[in-house]
Amino acid sequence: MPDASTAAPVTAGAPADPLDVALRIARRLAPVDDVVRAVRGDSLVSRSWNDHGTASGFAGLALLFGCLDRCREGEGWDRSAHEHLSVAVEAAQQVPYLPPGLSSGTAGLGFVALCLARGDQRYRRLRRTLDTRLAEYVAAWIEGPEPGDGRRSRRALDVITGAAGIAAYLVCRPETDALSSLRGPLLTWLAAHIIDGRLPLRPGSDAADCGLAHGLPGPVSALALARLRGITVPGTETALRTGTAWILDRRVADRWGTNWPMDDSGSVPPRAAGSVPQGATGSPPPRTAGSVPPRTPGDEPPTHAAWCYGAPGVARSLLLTGRALGDPAMVRTALNAVEAIRRRPDRQRRLVAPTFCHGEAGLAHLFHRTAVETGIGGFAAEADRLHRRLAGSFDPSARFGYRAVQVRGALTDSPGLLDGAAGVAAVLLSAAVDDPPDWDRLFLVR
């Protein structure tokens with residue numbers, strides 16, 4: 001394990017270097033026993049933690065350490081990555097059923113093993129085992145009959161547990177084997193759902209989900225990322241245009257610009273004609289009846305400005321799609337939405353945590369990636385402001401330097417990548433190095 005004894009203390013709120021803080025977090029996360037004690041000792045953390053998981057589990061921590069090893073080779077991070085991945089694999093072998101998804105299943109473990117493989121030098125047997133199992137899942141998924149009203153397949157579309165996340169893993173894989181041969185059929189299956197209007201449902205609801213984590217922007221992003229890597233299936237363009245038309249028709253606007261609600265349940269107002277810039281091609285379907293009156297200036301935004309829900313994640317999906325289709329108007333629409341987030345005051349962004357999923361780290365990273373790709377100075381300046389504020393809020397009294405905000409505002413020492421200290425470390429690491437590590441492919445950022 002890298003030595004934590006050489007680190008000087010950081011005062012919460014003081015100016016701090018993002019790379020130095022990322023390393024401090026990682027040193028605290030490296031001892032497996034410390035992570036186990038933190039998880040087992042807090043019922044709120046353990047409720048969402050899976051030892052084998054990527055989003056909240058040891059596989060996600062292994063991914064962070066693998067990224068650190070790539071950026072800081074020779075410091076021992078590869079040993080930490082191996083130790084944490086070993087714990088995750090052992091835990092996966094003990095569960096009665098390992099789901100196929102990216103956040104806590106077979107695809108997630110395969111993604112981490114691929115990222116740690118150093119080309120094809122490591123984890124060959126593990127990757128073959130995982131990919132063989134995943135191929136069976138995917139084949140059964142896309143070839144099986146559609147049950148009942150189709151709700152089961154609609155709940156199997158998202159980034160976190162479903163086909164969008166699995167497709168993102170398949171797009172990353174360089175291998176040619178039984179699993180890669182299912183990449184095209186899986187992308188075709190996704191495209192058909194979008195074209196036919198069988199859209200992802202929000203967890204616990206029958207409303208179509210508007211967020212990147214669980215909603216239509218996830219499958220759209222997966223198809224766009226595939227196309228950007230030269231992988232196209234019949235129906236890709238139709239699905240991308242149909243999906244983005246639906247997403248754009250769910251826009252709302254406040255005094256700062258474009259935003260999105262969590263779902264299409266009718267609990268949020270329709271887009272007022274002319275209230276936001278136009279830019280996508282295609283004719284969106286009409287909104288469902290029962291919507292409430294249009295939003296008036298000064299109303300609270302419909303959700304937080306985060307990766308999982310709200311404009312940041314949705315705008316990222318639109319930007320990827322605009323680039324994949326070579327559609328400058330769609331790219332402008334996406335960047336207009338990012339600019340609205342930049343103008344929106346911190347308080348109106350409604351972010352109460354420092355973490356990735358629905359906190360400030362995720363927003364900082366999306367600003368950073370957009371700035372790197374577009375060269376827009378305002379986005380770079382905002383990313384730098386958020387990174388520095390995030391680094392300056394390191395809390396030495398917290399077990400891992402940052403605390404997650406749970407139900408009803410409870411603070412927890414969550415170590416995870418999606419909603420814990422590891423995600424903050426990954427974001428700060430990406431801000432500090434020229435060659436960005438691959439961890440954010442897990443969240444369909446690029």
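In which helix is tyrosine 169 found?

Modeller: Tyrosine 169 is in helix α9; helices here are DSSP runs of H or I with at least four residues, numbered from the N terminus. This is a predicted model, in which local features need pLDDT of at least 70 and side-chain atom pairs count only at pLDDT 80 or more, while totals for chains, interfaces and linings use all residues. Residues are numbered from 1 along each chain as its sequence is written, and side-chain values use heavy atoms, with hydrogens and water left out.

Tyrosine 169 has a relative accessibility of 2% and therefore counts as buried (under 20% relative accessible area; exposed is over 50%, partly exposed in between; 1.4 Å probe, protein chains only). Setting aside residues up to four places away in sequence, tyrosine 169 touches Leu102, Ala107, Gly110, Phe111, Leu114, Asp131, Leu134 and Leu179, where contact means heavy atoms within 4.5 Å. Of these, glycine 110 is 59 residues away along the chain, with 7.9 Å between the two C-alpha atoms. With aspartate 131 there is a side-chain to side-chain polar contact at 2.7 Å. Such a contact is a pair of N or O atoms within 3.5 Å; within protein, one must be able to donate a hydrogen and the other to accept it, and residues adjacent in sequence count only if both atoms are side-chain atoms.

Serine 180 is in the loop between α9 (163-172) and α10 (183-195). Serine 180 is buried because its relative accessibility is 10%. A polar atom of its side chain lies 2.7 Å from the backbone nitrogen of aspartate 177. Beyond four places in sequence, serine 180 is in contact with Arg173 and Glu175.

Threonine 129 belongs to helix α7 (residues 124-143). At 47% relative accessible area, threonine 129 is partly exposed. Its C-alpha is 9.7 Å from that of threonine 106, 23 residues away in sequence.

For helix geometry, take α17 (residues 377-392): its 16 residues reach 22 Å from first C-alpha to last, close to the 22 Å expected at 1.5 Å a residue, the expected span being 1.5 Å times one less than the number of residues. Its buried residues include Phe379, Leu386 and Leu390. The buried residues of α17 pack against α1 (18-29), α14 (328-343), α15 (346-349), α16 (360-374) and α18 (421-432).

Note on methods:
Helices (H or I, at least four residues) and strands (E, at least two) are DSSP runs, numbered from the N terminus.
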